[in-house]
Amino acid sequence: MIRTTSSLEQRLPSRRVSVRVRHARMTFDAILDEVGALGPFQVVLAVLMVSPRIMLPCNFLLNNFIAAVPPHRCDVSRWNASGNLGEAQKAAAAIPAGDDGEPRACRMFAEPRSRWSGNGSEATPTTECRHGWVYDNSTFSSTIVTEWDLVCDWKHLPQTTNTIFFVGVMLGSLVFGVLSDNYGRKWSLLASYVLSVMFGLASASANSYVVFAVLRFCCGAALAGISLISIILCVEWVDTPRRASMCVLGSLAWSLGNMLLAGLAFLVNAWRPLIVTVTAPLALAILTWWWVPESARWLLANGKVEKAHLYLDKCARANNRPKISSAVQLEALSSVEMSDKNKKYNFLHLFKTPKLRKISLVTGIAWYGTAVTYYGISLNLDGFGLNVYVTQFVYAAIEVPAKLLIYVLINRIGRRPCLVGTLVLTGTCIGINILVPTALWLVRSVVAILGKGLSEASFTTIFLYTTELYPTVLRQKGLGFTSVMSRLGVSAAPLLLLLEDTWTLLPQVVLCAGATFCGLAALALPETLDRRLPETIRDAEEPPGRSEGQEEVPLETKNAK
């Protein structure tokens, strides 16, 4: 007599157990494994995406050179004086000396003196520079400072240019986050390339400071798209074990560009030609854009199955792998055609569900802390007594070993311990320098350099970490949000250093506390090591044990015959 399942369940209730079984549907990583997760296709993509990234630091840190303030003093060539005096004698007699014995940069005597001793009396009335300034052009042949006399009463404007640029980057992060999530990575990347070249070249021909500042704002907004989309495309075309390699490769491109900037600025020390020099290579990126594939993950997550199939076939052909079989195609279609594939997402979706809300809040705090710490250290580091070009190169070179070390660690101990550790240790280095006397300059320099390397390592870690935390349908928006928090930190760093007027050590105390707090806050984030990228909001909300495409269902241990 054949017993029914229901009767068997009634007789054997204690023999029912819960075991894990795989979903019938296939994940994208499995599809990618069919066509090749790492091969010539991914190598070409990495070259196409990493090459333009080399020019990003050349633009992001360009203000260090084009807005440099050379030594200057009042122009006294038209100053009335009796006697046959040379330019140096006029300067010595017409300009009062400062506390360091050097001529003051912004003051001159109001009236000619009857006797020329070469040392002006401080009791003599002084006035602002009447006929402009004379600049020391031994290091820079021209900067925006010498072009528009941005000194003395206008001395805040050179650094304001940097703030304006990063506000543009902040806005661009939001805009390109929306564009790339709604209209695709590839077309958004093209818009970023074209706008970056257009605004970059236009800023080199600006005829006033106001026009220049507006164009730098627009240039920052355009460059934000390259910064975000280039890494996302690389990460979304490789499997889980190789995501870290792609992010570290992109980060090393930043360091290479950082070192390249020192050489370019040394060879081209006039600000207009220098802007053209660092902008022109992006025009080559526009030509190579035709070979850039759209993200298959994004296409599938948005229900564009036919286009995804086309790019996956191109990937298989380039990697010398067979095209997706019919059975795999059917499984892939059932897996990737999401029930909400036509839904449009906005930034509010980052905070609508519990886990994404926590991820967004904590990553925002961590990004802000990482950025303000990195730039706070960089702007407050006095250097090694070398010229500005050598110092720029050394600062960039320091980042390379830090990134190579973090590449090993993030694949061994995980993303979360690396982020927490680098931020807390950065705060520790800053704290040590608060306590070490200034007389021990060598110790302070070594500790500061170590802190800078650790802060750069935290940048490398958090970029990879963030791409793995957000689902495909919200990944660009998530990166756009965290980039905004980062740029707020960048903009706050120069303002933070002004706290020295209140207490010399106050900026270091704030940086130390901020880095430590943000590092400890990152403990609230889930670990993503060896986990597949979430595709939908539902994937991101699943418990960690189910993230590999598994679920628990009740099964009978045996079936009766």
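**Overview of the chain**

Contacts between residues 24 or more positions apart make up 80% of the chain's contacts with a separation of 6 or more. The model is a predicted one.

User: How many helices and strands does the chain have?
Analyst: The chain has 561 residues, and 52% of them count as buried. Its elements are six strands and, on the helix side, 23 helices.

User: What share of the accessible surface belongs to carbon and sulfur atoms?
Analyst: The accessible surface of the chain comes to about 25500 Å². The share of carbon and sulfur atoms in that surface is 62%.

User: Which residues form a nonpolar patch on the surface?
Analyst: The patch has about 210 Å² of accessible area together. One of its members, Val 175, sits in helix 8, which covers residues 157–183. Val 175 has a relative accessible area of 39%, so it counts as partly exposed. The patch is formed by Leu 171, Leu 174 and Val 175.

User: How many salt bridges are found in the whole structure?
Analyst: Side chains of opposite charge can pair when their charged atoms come close. A salt bridge here needs a side-chain nitrogen of Lys or Arg within 4 Å of a carboxyl oxygen of Asp or Glu. A search of the whole structure gives nine.

User: How many residues apart in sequence are the parts that Lys 477 and Asp 181 tie together?
Analyst: Lys 477 and Asp 181 form a salt bridge, with their closest N and O atoms 3.6 Å apart. Lys 477 belongs to helix 21 (residues 475–497) and Asp 181 to helix 8, so the pair ties together parts of the chain whose separation in sequence is 296 residues.

User: Are Lys 477 and Asp 181 buried or exposed?
Analyst: Buried means under 20% relative accessible area. Lys 477 has a relative accessibility of 0%, so it is below that limit. Asp 181 has a relative accessible area of 3%, so this residue, like Lys 477, counts as buried.

User: Which helices hold Glu 236 and Arg 475?
Analyst: The salt bridge between Glu 236 and Arg 475 has its closest N and O atoms 2.7 Å apart. The pair ties together parts that are 239 residues apart in sequence, because Glu 236 lies in helix 10 (residues 209–236) and Arg 475 in helix 21. Both Glu 236 and Arg 475 are buried. The helices asked for are helix 10 and helix 21.

User: How many residues apart are Glu 456 and Lys 403?
Analyst: The side chains of Glu 456 and Lys 403 meet in a salt bridge at 3.1 Å, N to O. Glu 456 is in helix 20 (residues 441–469) and Lys 403 in helix 18 (residues 388–410), so the pair links distant parts of the chain, and the separation is 53 residues.

User: Which backbone oxygen lies 3.4 Å from a polar atom of the side chain of Arg 297?
Analyst: Arg 297 lies in helix 14 (residues 296–301). Its relative accessibility is 1%, so it counts as buried. Leaving out residues up to four places away in sequence, Arg 297 touches Phe 28, Asp 29, Glu 236, Val 238, Thr 472, Leu 533 and Glu 535. The backbone oxygen in question is that of Val 238.

User: How far does helix 15 reach from its first C-alpha to its last?
Analyst: Helix 15 covers residues 305–318 and has 14 residues. At 1.5 Å a residue, the expected value is 20 Å, and the helix is close to it. Its buried residues include Val 305, Ala 308, Tyr 311 and Leu 312. From first C-alpha to last, helix 15 reaches 20 Å.

User: Where is Asn 320, and what is its phi near?
Analyst: Asn 320 is in the loop between helix 15 and helix 16 (326–336). Its relative accessible area is 72%, so Asn 320 is exposed. Phi is positive in this residue, which is not a glycine, and is near 60°.

User: What is the phi of Asp 149?
Analyst: Asp 149 is found in the loop between helix 7 (144–148) and helix 8. With 27% relative accessibility, Asp 149 counts as partly exposed. Although Asp 149 is not a glycine, its phi is positive, at about 50°.

Technical notes. Residues are numbered from 1 along each chain as its sequence is written. This is a predicted model: local features need pLDDT of at least 70, side-chain atom pairs count only at pLDDT 80 or more; totals for chains, interfaces and linings use all residues. Side-chain values use heavy atoms; hydrogens and water are left out. Patches are made of residues with over 30% relative accessible area and no salt bridge: like charges are joined within 9 Å, nonpolar side chains (Val, Leu, Ile, Met, Phe, Trp, Tyr) within 5 Å. Accessible areas come from the Shrake-Rupley method with a 1.4 Å probe; for residues, only the protein chains shown count as cover. Helices (H or I, at least four residues) and strands (E, at least two) are DSSP runs, numbered from the N terminus. Buried means under 20% relative accessible area, exposed over 50%, partly exposed in between (1.4 Å probe, protein chains only). The expected span of a helix is 1.5 Å times one less than its number of residues. A polar contact is a pair of N or O atoms within 3.5 Å; within protein, one must be able to donate a hydrogen and the other to accept it, and residues adjacent in sequence count only if both atoms are side-chain atoms. Contact means heavy atoms within 4.5 Å.
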